[in-house]
Amino acid sequence: MIGGQIQDLQLTDEVRDEARFLAMVGKKTGQLITFSGMTGGLLGEASERERRALFNFGQNLGLAFQLRDDLADLNQDEQARQQAKNSPNYALVFGQAKTRQEVNSYVDKAVGALKEGGINSPELIYLSEKLRVEKEDVR
């Protein structure tokens, strides 16, 4: 997570490399959410298949969460918009339409990871679906 924060501080608006941006986000929010899922899997004595699914779920949900948060930052008051401009913001760099599309894609991947791992968790699916965005609806 520290590596992701260092990358965050070094990333500027001039850098429009999507892979680099997503790698940085994955090392921050993605790692935090992945760790939470993996810890639950370890404590619950999940199988290797289930732990792999929880890892993939966490990575994708972390990306969905961060990109949705970036959208929300742009749709806040002027002070929040100015702050978003001073730090890496996916929606600001790659556009709101693409960001909405990517959020939904990562939600699909997160839910798909659970299903592929044989994890039937209505609670995790519900929480994932709460991140989904429809058109301009981001708060």
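## Aromatic pairs and core

The count of aromatic pairs comes to three, where rings of Phe, Tyr and Trp (its six-membered ring) pair if their centres lie within 6.5 Å, and planes under 30 degrees apart count as stacked, over 60 as edge-to-face and the rest as tilted. The model is a predicted one, in which local features need pLDDT of at least 70 and side-chain atom pairs count only at pLDDT 80 or more, while totals for chains, interfaces and linings use all residues. Residues are numbered from 1 along each chain as its sequence is written, and side-chain values use heavy atoms, with hydrogens and water left out.

A pair of aromatic rings is described by the distance of the centres and the angle of the planes. Two of the pairs are set out below.

| Pair | Centre to centre | Angle between planes | Class |
|---|---|---|---|
| Phe-21 and Tyr-90 | 5.6 Å | 55° | tilted |
| Tyr-90 and Phe-94 | 4.6 Å | 40° | tilted |

Phe-21 in helix H2 and Tyr-90 in helix H5 are 69 residues apart, and their pair links distant parts of the chain; helices (H or I, at least four residues) are DSSP runs, numbered from the N terminus. Tyr-90 and Phe-94, by contrast, both lie in helix H5, four residues apart, about one turn of the helix. Together, Phe-21, Tyr-90 and Phe-94 form one aromatic cluster. Tyr-90 has a relative accessible area of 0% and is therefore buried (under 20% relative accessible area, with a 1.4 Å probe and protein chains only). Phe-21 is buried as well.

The largest nonpolar core has 25 residues, and Phe-21, Phe-57 and Tyr-106 are among those with the most contacts inside it. Such a core is a set of buried Ala, Val, Leu, Ile, Met, Phe, Trp, Tyr and Cys residues joined through side-chain atoms within 4.5 Å. Helices H2 (18–43), H3, H5 (90–94) and H6 (96–116) each give two or more residues to this core. H3 gives the most, with nine residues.

Phe-57 is placed in helix H3 and counts as buried because its relative accessibility is 5%. Beyond its neighbours within four places in sequence, Phe-57 is in contact (heavy atoms within 4.5 Å) with residues including Ala-110, Leu-114 and Leu-124. The C-alpha atoms of Phe-57 and Lys-109 are separated by 7.3 Å, although the two residues are 52 apart along the chain.

Asn-60 is also found in helix H3, which spans residues 48–74. Asn-60 is buried, at 13% relative accessibility. Not counting residues up to four places away in sequence, Asn-60 touches Tyr-106, Lys-109 and Ala-110.

Terms used
Buried < 20%, exposed > 50% of the residue type's maximum accessible area, 1.4 Å probe, protein only.
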